[in-house]
Amino acid sequence: GMRFFMVPSTSMEPTLLRQDYLITLNEDTYRRGDVVVLDDPEEPGAYIVKRVVGIGGDTVAVGGGFLYVDGKPMAEPYVLEPPRYFMRPVRVPPGFVLLLGDNRNNSNDSHIWDNKTQPLSAIVGRVRFIYYPYNRAGSLDRIALP
């Protein structure tokens with residue numbers, strides 16, 4: 001179904017700003033590049049918004065300012081700035097995703113979490129629209145990573 005959320009942090013800038021109000025819809029499948037709301041793995045009952053960068057079967061790593069999927073650097077036009085950290089290669093199990101914030105250097109996400117991957121069942125839905133503030137209202141385009 002449809003759910004409504006408010007962005008609590010700056011971790012998804014520039015795509016989403018703190019205090020943007022969002023509408024999510026659940027999907028049958030989630031793809032690399034999808035922006036999703038999920039259960040916060042570190043705070044029961046809370047929700048966070050991140051971008052899916054790895055799906056089941058992918059090996060994901062971060063280094064030298066790039067996200068790598070299966071050894072290939074990804075062009076990511078939506079990030080605020082290149083990541084300044086390293087993440088060793090993580091293989092994403094079937095039924096799981098790996099998630100990063102677009103504000104790579106200020107995001108509590110898979111590169112920090114003890115459980116690098118999260119189950120698909122933790123995803124509430126894909127962010128489809130920003131509905132407030134009105135000057136930012138509109139649909140969020142689906143960006144597919146190869």
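In which sense do strand 1 and strand 2 pair, and over how many bridges? Strand 1 (residues 2-6) and strand 2 are antiparallel partners, joined over 5 bridges; two strands count as paired if DSSP finds at least two bridges between them. The structure is a predicted model, in which local features need pLDDT of at least 70 and side-chain atom pairs count only at pLDDT 80 or more, whereas totals for chains, interfaces and linings use all residues. Residues are numbered from 1 along each chain as its sequence is written, and side-chain values use heavy atoms, with hydrogens and water left out.

**Overall architecture**

- The protein chain contains 12 strands and 0 helices; helices (H or I, at least four residues) and strands (E, at least two) are DSSP runs numbered from the N terminus.
- The C-alpha trace spans about 40 × 30 × 30 Å along its principal axes.
- Of the 146 residues, 46% are buried (buried means under 20% relative accessible area, exposed over 50%, and partly exposed in between, with a 1.4 Å probe and protein chains only).
- Among contacts with a separation of 6 or more, 59% are between residues 24 or more positions apart, a contact being heavy atoms within 4.5 Å.
- The accessible surface comes to about 7500 Å², and 53% of this surface belongs to carbon and sulfur atoms; the areas come from the Shrake-Rupley method with a 1.4 Å probe, and for residues only the protein chains shown count as cover.

**Pairing around strand 2**

- Y132 in strand 11 stands opposite Y21.

- Four strands form an open sheet in the order 7-6-5-8, with antiparallel pairing.
- Strand 7 (72-73) and strand 8 (87-91) each have a single partner strand and stand at the edges, so one side of each lacks a neighbour in the sheet.
- Strand 5 (residues 59-63) and strand 6 (residues 66-69) run antiparallel and are joined by 4 bridges.
- G63 has F66 in strand 6 as its bridge partner.

**Strand 9 and its partners**

- Strand 9 (residues 96-100) is mostly covered, with 4 of its 5 residues buried.
- Strand 4 (residues 47-55) pairs with strand 9 in the antiparallel sense over 4 bridges, and G54 has L98 in strand 9 as its bridge partner.
- Strand 10 (residues 118-119) pairs with strand 9 in the antiparallel sense over 2 bridges, and the bridge partner of F96 in strand 10 is P119.

**Two loop arginines**

- R32 lies in the loop between strand 2 (21-25) and strand 3 (35-39).
- R32 is buried, at a relative accessible area of 15%.
- The side chains of R32 and D58 are joined by a polar contact of 2.6 Å (a pair of N or O atoms within 3.5 Å; within protein, one must be able to donate a hydrogen and the other to accept it, and residues adjacent in sequence count only if both atoms are side-chain atoms).
- R84, in the loop between strand 7 and strand 8, counts as exposed at 62% relative accessibility.
- C-alpha to C-alpha, R84 and G54 are 19 Å apart in space, and they are 30 residues apart in sequence.
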